[in-house]
Amino acid sequence: MLDGLDPDQSVAVTAPAGPLCILAGAGTGKTRAITHRIAHRVRAGQVRAQHVLAVTFTARAAAEMRERLGRLGAEGVQARTFHAAALRQVRYFAPRLFSGRDMPELLDSKARLVALAATRAGLKTDREASRDLASEIEWAKASLIEPDDYAAAAAKAMREPPFDAAKVAQVYAHYERVKRAQGVIDFEDMIRAAIWAVEEHPDVAEQVRAQYRHFVVDEYQDVNPMQQRLLEAWLGDRDDLTVVGDASQTIYSFTGASASYLVDFKRRHPAATVVRLVRDYRSTPQVVGLANAVISRARGDLSRLRLELVGQRPAGPEPTVHTFADEPEEAAAVAARCAELIAAGTPAREIAVLFRVNAQSEVYQEALAEAGVPYVLHGTERFFDRVEVREAMIALRSYRGEAGDGLVETVHTALERVGWRPDVPPAGGAQRERWEAVAALVNLAEGRPALSLEDFNAELSRRAALQHVPTVEGVTLSSLHSAKGLEWDAVFLVGLAEGTLPVIHARTPDAVEEERRLLYVGVTRARHTLWLSHAAARTPGGRPRRPSRFVPTTRDQSAASGADARYPRRPLDKAAVAGRARRVMAVSCRVCGTGLFNGADRKLGRCATCPSDLDEELLARLVDWRARLAAIQKVPAFVIFTDVTLSAIAERRPGRREELAAIAGIGPRKLTLYGDDVLALIGGATVDALADGHA
């Protein structure tokens with residue numbers, strides 16, 4: 001159990017029974033430490049496997065923990081999420097808790113009932129407002145706040161609810177009434193039921209505490225008051241508890257998570273052993289140095305547990321900081337660099353573009369599609385819930401044809417029913433993302449060629465239940481929040497400007513510190529290559545913005561990382577930006593001469609209010625040509641050209657490639673792919689003639 005552990009990990013593994021707090025920095029091997037600790041105690045006869053309950057926050061993390069424990073000879077340990085552990089207990093004890101009845105139906109989503117409750121409270125809400133209300137109710141319930149206390153608690157916590165706090169409290173109260181009337185419960189009710197079962201039923205408490213005697217809590221900085229109360233109910237008057245966390249990765253306070261339990265652990269358990277893991281095995285010393293520089297200026301209570309990481313990997317390239325004139329230019333540069341990395345041998349799945357808010361994703365989707373780089377959106381929809389993945393799994397389960405020479409051939413044949421082909425990936429964009437999702441299932445089959453189709457389907461069902469997602473080939477686009485717990489060879493941290501990171505509504509010192517920790521989490525996702533960038537303006541010619549206050553200067557980095565540490569910051573080249581701005585301002589309306597800044601207006605070459613000289617017949621042929629070509633290439637039509645670009649072509653009718661390239665949005669790649677066709681159409685060629693050439 002101790003082979004291959006560093007000295008600090010060994011101390012954590014062999015610490016005596018009782019309260020143990022492991023402060024584990026990013027990439028320091030915390031999962032290795034806690035699984036080895038559990039296995040060491042089981043194999044040494046100190047505890048029985050079935051008496052250990054390890055809880056974490058994602059099904060994927062719990063599945064990984066169980067897999068590692070199995071390899072270490074500690075089968076039988078229960079490793080679950082808080083929700084899964086509570087659900088298992090409530091279902092088991094339901095007849096005692098609900099007067100002989102089964103557990104009430106568990107809501108998958110609050111949305112419908114919250115919308116109904118809002119109506120009863122006199123509010124008109126759309127989908128987004130209902131979702132915001134549901135989030136506010138979840139925060140209140142996770143924080144053990146009742147409807148009558150919501151307004152005061154929200155004011156104390158400096159929340160910014162979607163409606164007046166008193167009105168949100170009314171919605172919350174109506175939601176609880178509607179839920180009871182329909183005989184259903186939500187996830188917070190289910191955890192409350194688990195707490196109530198132990199606190200108010202001595203026979204249940206005795207049985208639960210006889211079953212679980214030793215507890216491990218991963219990501220302890222993310223525990224909320226409700227989960228902490230459940231943990232205390234499980235423990236009773238015992239103290240055999242191991243917690244693992246990193247205060248510098250506290251980024252979910254808005255959901256009710258509180259790192260105070262981690263910060264105060266030693267005070268609550270005076271006899272506790274505290275171990276610090278600081279050797280970073282994930283990232284190069286250069287990335288580690290930048291991470292230390294980012295977090296070195298943290299302030300507030302959580303900064304007391306700040307860890308200074310020590311990189312253990314060989315040296316790598318210096319992180320770089322870039323400034324661009326506007327967001328489209330920033331996105332284009334990121335896409336170009338992604339393409340270079342992939343061409344040089346970095347798999348697309350080992351590259352990530354991380355941003356503060358999901359709204360930033362769109363410009364990067366467009367830029368990557370333009371560059372022909374496949375991408376995957378992370379954190380928007382669970383992999384096994386995607387329509388194309390569900391259809392593929394149905395096709396595999398229902399396949400009744402003859403088995404091929406092996407699993408892979410059989411899977412290929414079955415997936416032809418949903419239109420998937422192995423050798424024709426579409427260009428970048430939504431179609432490519434869907435193709436890659438199904439390709440991930442095929443790649444999984446290629447790694448298990450000896451399985452039968454029946455066994456492979458069983459493996460997919462198991463993974464779907466655990467949300468154990470297969471590897472999808474494509475650059476990952478993700479928010480910083482969704483990226484926590486993941487890592488890549490190359491990471492692009494983009495949009496690092498004031499008003500975005502920190503986000504504009506982070507007004508209190510605590511909120512600003514959480515934004516700093518978000519950047520720290522982003523930096524520590526990178527193993528080798530790290531790029532940080534911001535745009536001097538959101539749109540071409542837009543209002544100037546300052547770079548994020550959290551991006552360290554060279555002096556900050558040297559102080560945090562030693563005299564020899566150098567992290568080249570590429571400062572804003574004011575002359576270059578001014579030149580780019582002048583080029584942007586040089587685009588004027590060809591009708592009235594006014595400067596154009598809006599992207600669509602710049603493409604059209606005129607103000608939206610100026611008269612159009614659109615060639616309707618040419619536009620119709622362009623639209624027809626685009627539709628036929630999209631069908632041949634199996635890509636969405638907008639991937640070839642957007643509607644605005646086609647309108648610009650039909651208005652301006654360029655006669656040469658140089659004139660076509662002058663239309664904003666027609667880059668070198670699209671000029672090469674489609675320039676001859678477009679010029680031919682402008683010259684009078686028929687769509688049928690061009691289509692014959694592509695057939």
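In the predicted model, an open sheet is formed by 6 strands with parallel pairing, arranged in the order β11-β16-β15-β12-β14-β13. From one strand to the next, the twist averages 25 degrees. The pairing of β11 with β16 (residues 526–535) is parallel and extends over 5 bridges; F324 is found opposite A535 of β16. Helix α15 (residues 327–343) packs on the sheet, where contacts are made with β11, β12 (351–355), β14 (475–479), β15 (488–493) and β16. The direction of α15 makes about 160 degrees with that of β16.

Strand β2 pairs in the parallel sense with β6 (residues 214–217) over 4 bridges, and L53 stands opposite F215 of β6. Parallel pairing over 4 bridges likewise joins β2 to β3 (residues 78–81), with L53 placed opposite Q78 of β3.

Helix α8 comprises residues 165–182. At 1.5 Å a residue, the 18 residues of α8 should span 26 Å, and this agrees with the 26 Å that separates the end C-alpha atoms. The buried residues of α8 are A165, V168, A169, V171, Y172, A173, Y175, E176, V178 and K179. Among the elements that cover these buried residues are the helices α5 (111–120), α6 (127–142), α7 (150–156) and α9 (187–200), together with strand β5 (184–185).

A further helix contact involves α17 (residues 387–398) and α18 (residues 407–415), whose axes come within 9 Å and cross at roughly 115 degrees. The crossing of α17 with α18 is right-handed. On the α17 side, the contact is made by A392, A395 and L396, and on the α18 side by V411, A414 and L415. When grouped by class, the residues of this contact comprise 6 nonpolar, no polar and no charged residues.

How values were computed: Residues are numbered from 1 along each chain as its sequence is written. This is a predicted model: local features need pLDDT of at least 70, side-chain atom pairs count only at pLDDT 80 or more; totals for chains, interfaces and linings use all residues. Side-chain values use heavy atoms; hydrogens and water are left out. Two strands pair if DSSP finds at least two bridges between them. Helices (H or I, at least four residues) and strands (E, at least two) are DSSP runs, numbered from the N terminus. Axes are lines fitted to C-alpha atoms, for helices over the stretch in contact, and angles run from 0 to 180 degrees between N-to-C directions. Contact means heavy atoms within 4.5 Å. A crossing is left-handed if the near helix is turned anticlockwise from the far one by less than a right angle, and right-handed if clockwise. Ala, Val, Leu, Ile, Met, Phe, Trp, Tyr, Cys and Pro count as nonpolar, Asp, Glu, Lys and Arg as charged, and the others, Gly among them, as polar. The expected span of a helix is 1.5 Å times one less than its number of residues. Buried means under 20% relative accessible area, exposed over 50%, partly exposed in between (1.4 Å probe, protein chains only).
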